[in-house]
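Please look over the sequence and the structure shown here, and then read the briefing that follows.

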Amino acid sequence: MHLIAPSLLAADFRRLDQAISLVNESEADWFHLDVMDGMFVPNISFGQFIIQQVAKDAKKYLDVHLMIEQPERYIESFAEAGADGITVHAEATKHLHRVIQQIKAAGCKAGVALNPHTPVSVLENVIEDIDLVLIMTVNPGFGGQKFIYQSLQKIRQAYDMIVVRNSPAIIEVDGGIGLQNARKVLEAGARVLVAGSAVFKAEDPAGVIRDLKGLESNPLISV
Ligand code: DX5
Ligand code: ZN
């Protein structure tokens, strides 16, 4: 079965408690938390302090997406803040292999994210070590952007690499995902759908989550 991970970035932060309850009570599987440092990406969002607050009320897996330079500086503090999984960008560190070990040592699931221009081949030497591959389907930094269609090809390439190498990793897609393209990304091999605007800017967020969850899963990845 595929998983739905609403991104709180698109929520109304004046009413964060309501957004958290909404996800808790919905059919969503994970909370997706987008951390931006104004260096790796042009935008600045939030950090450990907010995540710590979210963790107090969140009843689901906390999926932390670090869009920050040299994420190795902060792995332990995000784990302590309550992250269940931490995803770092391959482009943001010189020592990807080491950071992956660091995430695991901190007791979290380890993910690696790839920007739209980064080839799947950068995962060649770490694919067996990771729990998640995050294929960015927009350029990171902002919610509400348009899905980049060439990403479908990359999802398939990542899927093929995972199968050939017998990796335990699952594929997450992030950026511009909604009911209009979710089926296509699932068919390409995605297991986790991140959705920010499609959920929180909708009239009926819980309904969108239900519809995304209700899509047919790819039988190949529904283990
Ligand atoms: C983009 C973030 C995404 C973003 C997705 O940099 O990583 O998680 O919140 O938002 P939507 O679904 O609106 O594209
Ligand atoms: Zn994200």
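Tyr-149 counts as partly exposed at 44% relative accessibility, where buried means under 20% relative accessible area, exposed over 50% and partly exposed in between, with a 1.4 Å probe and protein chains only. This is a predicted model, in which local features need pLDDT of at least 70 and side-chain atom pairs count only at pLDDT 80 or more, while totals for chains, interfaces and linings use all residues. Residues are numbered from 1 along each chain as its sequence is written, chains are lettered from A and ligands numbered from 1 in the order in which they are written, and side-chain values use heavy atoms, with hydrogens and water left out.

**Aromatic pairs**

- Rings of Phe, Tyr and Trp (its six-membered ring) pair if their centres lie within 6.5 Å, and planes under 30 degrees apart count as stacked, over 60 as edge-to-face and the rest as tilted; by this rule the count comes to three aromatic pairs.
- Trp-30 and Tyr-61 form a stacked pair, because their ring centres are 4.3 Å apart and their planes are at 25 degrees.
- Since Trp-30 lies in strand E2 (residues 30–36) and Tyr-61 in strand E3 (residues 61–67), the pair ties together parts that are 31 residues apart in sequence; strands (E, at least two residues) and helices (H or I, at least four) are DSSP runs, numbered from the N terminus.
- Trp-30 is buried, with a relative accessible area of 9%, whereas Tyr-61 is partly exposed at 22%.
- Phe-147 and Tyr-149 have ring centres 4.8 Å apart and planes at 85 degrees, so this pair is edge-to-face; Phe-147 counts as buried, at 6% relative accessibility.

**The chain as a whole**

- The protein chain contains eight helices and eight strands, and 54% of its 223 residues count as buried.
- The C-alpha trace of the protein chain spans about 45 × 35 × 30 Å along its principal axes.
- Among contacts (heavy atoms within 4.5 Å) in the protein chain between residues at least 6 apart in sequence, 66% join residues at least 24 apart.
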